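Let's go through this structure by asking what each label rests on. Have a look at it first, then we'll start.

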Amino acid sequence: MKTIDPINTTNPNGFKNQASAALEDTNLQTALQRAKSGFIEKRKKAIHLVDDFEHLKTQAQQAKQSALDNLNHHLALFEKNVVASGGAVHRAKTPAELNQIVLKICQQQNAKLVTKGKSMVSEETHLNAFLEKHGISTAETDLGEYIIQLAKEKPSHIIAPAVHKTRQQVAELFKHNHELGERDLEEIRALVDEARAMLRKAFLLADVGITGANLLVADTGSVAIVTNEGNGDLTATLPKTHIVTASIEKVVANMEDAGKILQVLGRSATGQAMSTYTSFFNGPRRTEDLDGPSAFHVVILDNGRSDILNSKYKDMMRCIKCGACLNHCPVYGAVGGHAYGDVYPGPMGSVLTPLMKGIEQATPLPNASTFCGRCEEVCPMSIPLPELLRQLRNDQATKGLAPKLQSMALGIYGWLARKPRLFQLTMGMFGRVVKLFKVSHILPQETPAPDAPDTFVQQWKKSKQGHSENE
Amino acid sequence: MNNLEPASPQSSAAQKPQVALFATCLVNTFHTKVGFAAAALLDAIGYSVEVPTQQTCCGQPNYNNGDHNGAITVAKHTIETLTSYDHVIVPSSSCAGMIKNHYPRLLDAEHDWRRKAEGLANKTWELVDFVYQKKRHALPSNADFRKTITHHDSCSSIRETKVTDQVRSLIAECLPNAHFKELSESEACCGFGGTFCVKFGDIASQLATNKITDIGNTKADYCTSLDSGCNAHLNRFAESYETVRLQHLAVFLAEQLNLATFESAKD
């Protein structure tokens, strides 16, 4: 049985081989099959319960788009309001800048241990590895993230990081890493309880808590986080310092707009009208507060997003990272997230990765789509993912990154398709060769007799002539 | 253009409204029977079928593989070939969707061409949609057919042409005693994806296997679809579902309704 080593060996340009290995990985296939049907069914049910989901989508899209149209204004307003409530906002152009800013804050606190809520931005910057290198331990507190941290892997899904693992694999992992003697870990409940007990120590010991952000609310300076485990809240409120790692496109104008986006986020992601916890964090604790951190920092990453916003790919910035496109993608469903070789997998990742890393760094990804269109259909932000992938294929061809043979074949085919007589002759011959050599997979079940090798247009012409002669 | 000359053998053809049949490259080259069955369906509901000889391909191979300029020239050729007809009928949701939804977008930068593309888009129909919307009652029915049918909704018939309910209704009306059984994952892609199945053969095979399993589980005698691309792709696994016949819906209906096809005319 082959398995993928998702840590060091995968990269976006290795997609084809990584995908082949994934198809052979029986544990992965079991896990993917189970997860896929669950996500799809839950979303479907949640949407049926709403009178008019299309209306909610339109509202959410307008909220998001109006924030993006005036992004700098909203980011400035957000910063002003965070500062007004006693917090600080830092802007990072690159992943390296974000890591430096976070490290500096941690070092000022003499931090030894950092607890972390789920943050895809911190995955983008490889923050954990960076902090560990500087002697600061990190403890992921989202159950899925905790599992993959133990396994020394990367998330394979943007909202369900350990979705590629079976329950049995998780049980083995826990038995290997937690020195707790013989115990029964058959039930999911037992796994959750054990993880919770292990994490409790980290929550109480941590000097700094780092969370992501689902939304940044400009006119209140609030950071919204949705979770189902409550780990985000413990990460944010127990340590003395709370650092939020976010990206620029997370900002919305106000609470009303935040509400519009939250209404489609949970339903699209996990089929929940609302996630179990939806928390808004506003600055450090005030004198009258009973708890909360004494320092509150928001680090906002760009990492190429401003450029994307100014390009023909700007629609991609409406993405609210719900994961619906992953859950409904036939290719993601077949090979899982690690095959994509970077932080963001599936259709959204196949657009984002080449845009953020460079188009030549991820040439297979835009091609890894059947253009079935289901991603666009389920996207609550109506991002035209197939069209963006098609654009990327066009950019590849324009930059000479498409395979030479493909470009040549397309050139010939495109030329032939404007020469009807030659087209019929060539296709007739091509068909004849295929039929002769029985390239069976192209043929219909009702295989045409070898004595009728003409194209349909040629046959039709002959049959018409036959009719005319008979008359 | 000689292809516009009425060449129909029937003397009554002059009174019948005329439609152009755009066969698509897959039907033209490999699944020629689908072309004849499509013509038979159109003939049965009272249309005179013209097959413009200048037709080639809708341009999707170029369009979907980054060659937009190539696709634009193929699209222009197709527009010129088909523009003079009142209706253009395509026995494929994928290619019909290309003409209806993507030509106008592809030619957006050239005003006159965009207008022509929109004109063609508005009169282009997926075959089964046309038959159903225009004159389904003119089709004969066959009450003796009592077998089980399932249908593979191609992604393009779900999202590009939106021809899904029409299929069920047409089958129910033409074969009132047929037993129709839905696939459990009717919205899942079969993995064809045009050149996708060439570029990523093993992923495409996996998706086809999933689809075949789903089809097999219905225990249906026939599985129909509107796209020869899906059929060609799924046929790679023909051995694994020998009890099910996978057919283009046009071929299936032409056979079960005993429609006369022009195919035998050359004999």
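Buried area is the accessible area (1.4 Å probe) that two parts lose on being put together, summed over both. This is a predicted model, where local features need pLDDT of at least 70 and side-chain atom pairs count only at pLDDT 80 or more, while totals for chains, interfaces and linings use all residues. Residues are numbered from 1 along each chain as its sequence is written, chains are lettered from A and ligands numbered from 1 in the order in which they are written, and side-chain values use heavy atoms, with hydrogens and water left out.

Q: How much area is buried between chain A and chain B?
A: About 5,700 Å² is buried there, and carbon and sulfur atoms give 60% of that.

Q: What makes a residue part of the contact, and how many does each chain bring?
A: Contact means heavy atoms within 4.5 Å. On that rule, chain A puts in 61 residues and chain B 65 residues.

Q: Why is the meeting of A:E387 and B:R105 called a salt bridge?
A: The rule wants a side-chain nitrogen of Lys or Arg within 4 Å of a carboxyl oxygen of Asp or Glu. Here the N to O distance is 2.7 Å, so the pair of A:E387 and B:R105 passes. Across the interface of chain A and chain B, the rule finds four salt bridges.

Q: What kinds of residue does chain A use on the side that touches chain B?
A: That side divides into 28 nonpolar, 18 polar and 15 charged. Ala, Val, Leu, Ile, Met, Phe, Trp, Tyr, Cys and Pro count as nonpolar, Asp, Glu, Lys and Arg as charged, and the others, Gly among them, as polar.

Q: How do you know where chain B splits into domains?
A: The bounds come from an automatic or database domain assignment, which divides chain B into domain 1 (2-132) and domain 2 (139-256). Their centres, taken over C-alpha atoms, are 23 Å apart.

Q: What links domain 1 of chain B to domain 2 of chain B?
A: In contact are 25 residues of domain 1 and 28 residues of domain 2. The area buried between these domains is about 2,000 Å², with carbon and sulfur atoms giving 67%. On the domain 1 side, B:S93, B:V128 and B:Y132 lose the most area to domain 2, together 27% of what that side buries.
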